[in-house]
Amino acid sequence: MQIRIALPSKGRISNPSVQLLGKAGIGVKDTANRKLFSETYDEEISVMFTRAADIPEFVADGAADLGITGMDLIEENEADVEILEDLNFGSAKLVLAVPEDSSIESISDIKDGAVVATEFPHLTEKFLNGRGINAKIVELSGSTEIAPFIGVADIISDLTSTGTTLKMNHLKIIGTIIESSIKLIANKRSFKEKNEKVDAIRTGIKGVLDAEGKKLVMMNVAEEFLEDVKMAMPGLTGPTVSNVLSNKGVMAVHAVVDEKDVFNLVNELKKIGARDILVVPIERII
C-alpha cells in the first residue's frame, strides 16, 4: 500500500513539516535537494514537494494521499479534504489592512467599490460580501503590502503572524478574515481505503505533537516519602511506581510533566527526599 504525502517545497512551513515527519519516524531521505519526489525510510511512503497553495487541491484530487498546508489555503481553495490534525505551528491570521494615514479605521468604514488587493481573492470576497460590502478584488501573487502606495488598491488582505511586517510597511490592521494554522489533511478516498496506513502516519505525528513541552521525570525515593512524592507529581495519569529490587524499601517513581514545571518540581522533590532524579526528553507519546 503506497502513500504519498505532499509537503511545501519552500516557505515558512517547509522545514518544520520535514522535521515533523523525521521526528515521527518517517524520515525523508533527500532533504537537501528537494526533488519533486523523495523516498522516506518507510518503503510504502513517499513525499512530493510542491507549492503550499497547491497542496489542498492535490490532496482533494487524489494526486497525494496526505498533505501538510495552512487552513487559509484549504479554505481559499474550498478543498474537500479530511482534516486529521492541527500541527501546532504556523499560526497566522488573514487580515485586512490599510495605510496608517487612511480614514478607514474598521471594516464598517469600507465603502462599496473599494479596491482590495490580495493573494486570497475567494476568502476576501466571501468575507466582505457576508458583511454587505461590494468591493473590487484585485488578485496579486506577491508584494501585496505595496499595493496601496502605488495606486493599485485602497486596502490589502494579507497573511500575518505577528503584524510586524505590516507595521514596518506603515499599514494598520482593521479586521481579521480568518485565523489559520498548519493542518495534516487527507484525501477522503484514501482516508477510507488506506485507513490503516493513514492512521499509522497520523498516530506517529500525533505522538510527536503530544510530546511537545513534556519531560519524563524519574527518581528513587524511600517508601516513607512515597505519598508526598506522589502528591507533588501529577503526571498525565499519575506517577508510575515500582520496587527497586536491589534496594529494599526504595521505590522508583516516574511521571510525564510539563517542561515549564520541571525546575520547581525537581527542587520540591529534593526537599521531600527524592534522589537520583533524572529529567529525560520525550520524542513521542502514543
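pLDDT is the predictor's confidence in each residue, on a scale from 0 to 100. You'll want that in mind here, since what you're looking at is a predicted model. Across the protein the mean pLDDT is 92, with 97% of the residues reaching 70 or more. Among the elements, helix α2 (residues 55-61) has the highest mean, 98, while strand β13 (residues 240-243) has the lowest, 83.

If you start from isoleucine 5, its bridge partner in β4 is leucine 66.

How do α1 and α7 sit relative to each other? Their axes are 8 Å apart, and the helices pack at an angle of about 100°. Angles of 65 to 115 degrees count as roughly perpendicular, and therefore that's the word for α1 and α7. Zoom in and you'll find Leu20, Leu21 and Lys23 of α1 meeting Ile205, Val208 and Leu209 of α7. Sorted by type, the residues of this contact are 5 nonpolar, 1 charged and no polar.

Is threonine 144 buried or exposed? Buried means under 20% relative accessible area, and threonine 144 has 1%, so it counts as buried. Leaving aside neighbours within four places in sequence, threonine 144 is in contact with Ala117, Thr118, Glu119, Ile156, Ser157 and Asp158.

Serine 143 is in the loop between β8 and β9 as well, but serine 143 is exposed, because its relative accessible area of 56% is over the 50% cut-off. The backbone deserves a glance too. Most residues other than glycine have a negative phi. Serine 143, though not a glycine, has a positive phi, near 55°. Histidine 170 also isn't a glycine, and its phi is positive at about 60°. You'll find histidine 170 in the loop between α5 (164-168) and β10 (171-180). With a relative accessible area of 47%, histidine 170 is partly exposed.

Finally, head over to the sheet of 4 strands. It's an open sheet with antiparallel pairing, in the order β13-β14-β12-β15. Here the edges belong to β13 and β15 (275-281), each with a single partner strand, so one side of each has no neighbour in the sheet. The twist averages 20° from one strand to the next. Strands β12 (residues 214-222) and β14 (residues 250-258) pair in the antiparallel sense over 9 bridges, and the bridge partner of methionine 218 in β14 is histidine 254. Helix α9 (residues 262-272) packs on this sheet, touching β12, β14 and β15, and its direction makes about 165° with that of β15.

Methods
Residues numbered from 1 in each chain as written. Predicted model: local features only at pLDDT ≥ 70, side-chain atom pairs only at ≥ 80, totals over all residues. Heavy atoms only, no water. Helix = DSSP H or I, 4+ residues; strand = E, 2+ residues; numbered from the N terminus. Pairing = 2+ DSSP bridges. Buried < 20%, exposed > 50% of the residue type's maximum accessible area, 1.4 Å probe, protein only. Contact = heavy atoms within 4.5 Å. Axes fitted to C-alpha atoms, helices over the stretch in contact; angles between N-to-C directions. Parallel < 35°, antiparallel > 145°, perpendicular 65-115°, else oblique. Nonpolar A, V, L, I, M, F, W, Y, C, P; charged D, E, K, R; others polar.
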